[in-house]
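Morning, everyone. Today I want to talk about charged side chains and how they pair up. Here is the model.

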Amino acid sequence: GIDASALWSGSNPTNTIKEDLTVATRIAVENFLGESDVGAHLSDTPVIISNILDDECLNPPAETEQTKCIYVKSIVSVYRDENEDPEKVKKVVINGLQEDGISFANFHT
């Protein structure tokens with residue numbers, strides 16, 4: 001099965017979940033920012049996965065030993081013009097992440 005330490009270490013070269021999550025997060029951010037009139041994510045600014053932890057499945061698809069849930073902590077840089085309202089940019093980012101099914105615990109401006 002998949003576990004956080006294997007994802008974090010990259011010990012299985014055929015497992016690309018960490019890289020796939022990075023790409024998916026970047027695409028999601030670029031898509032919802034592209035549809036708004038605030039903020040920007042620069043394509044050369046990486047999405048950084050800062051931690052991966054095993055987590056309890058809140059809504060597991062089936063109660064089996066093969067069901068695994070992980071918590072992925074990512075850092076995404078969003079830039080704004082100095083004349084843009086930081087609260088408006090924050091709201092666009094939070095709503096965009098939630099619409100794409102990405103939850104978050106902290107938001108730093």
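First, a definition: buried means under 20% relative accessible area, exposed means over 50%, and partly exposed lies in between (1.4 Å probe, protein chains only). By that rule D37 is exposed, at 60% relative accessibility.

Some ground rules. This is a predicted model, where local features need pLDDT of at least 70, side-chain atom pairs count only at pLDDT 80 or more, and totals for chains, interfaces and linings use all residues. Residues are numbered from 1 along each chain as its sequence is written, and side-chain values use heavy atoms, with hydrogens and water left out.

How many salt bridges does a search of the whole structure find? Two. The criterion is a side-chain nitrogen of Lys or Arg within 4 Å of a carboxyl oxygen of Asp or Glu.

Take K88 and D37. Their closest N and O atoms are 3.7 Å apart. K88 sits in helix α3 (residues 86-99) and D37 in the loop between α2 and β1 (48-55), so the pair ties together parts 51 residues apart in sequence. Helices (H or I, at least four residues) and strands (E, at least two) are DSSP runs, numbered from the N terminus. K88 is partly exposed, at 41%.

Now R26 and E30. Their salt bridge is 3.2 Å, N to O. Both lie in helix α2 (residues 17-34), four residues apart, about one turn. R26 is partly exposed at 27%. E30 is partly exposed, also with 27%.

Last, E84. Its place is the loop between β2 (69-75) and α3. A polar atom of the E84 side chain lies 2.8 Å from the backbone nitrogen of D81.

Terms used: A polar contact is a pair of N or O atoms within 3.5 Å; within protein, one must be able to donate a hydrogen and the other to accept it, and residues adjacent in sequence count only if both atoms are side-chain atoms.
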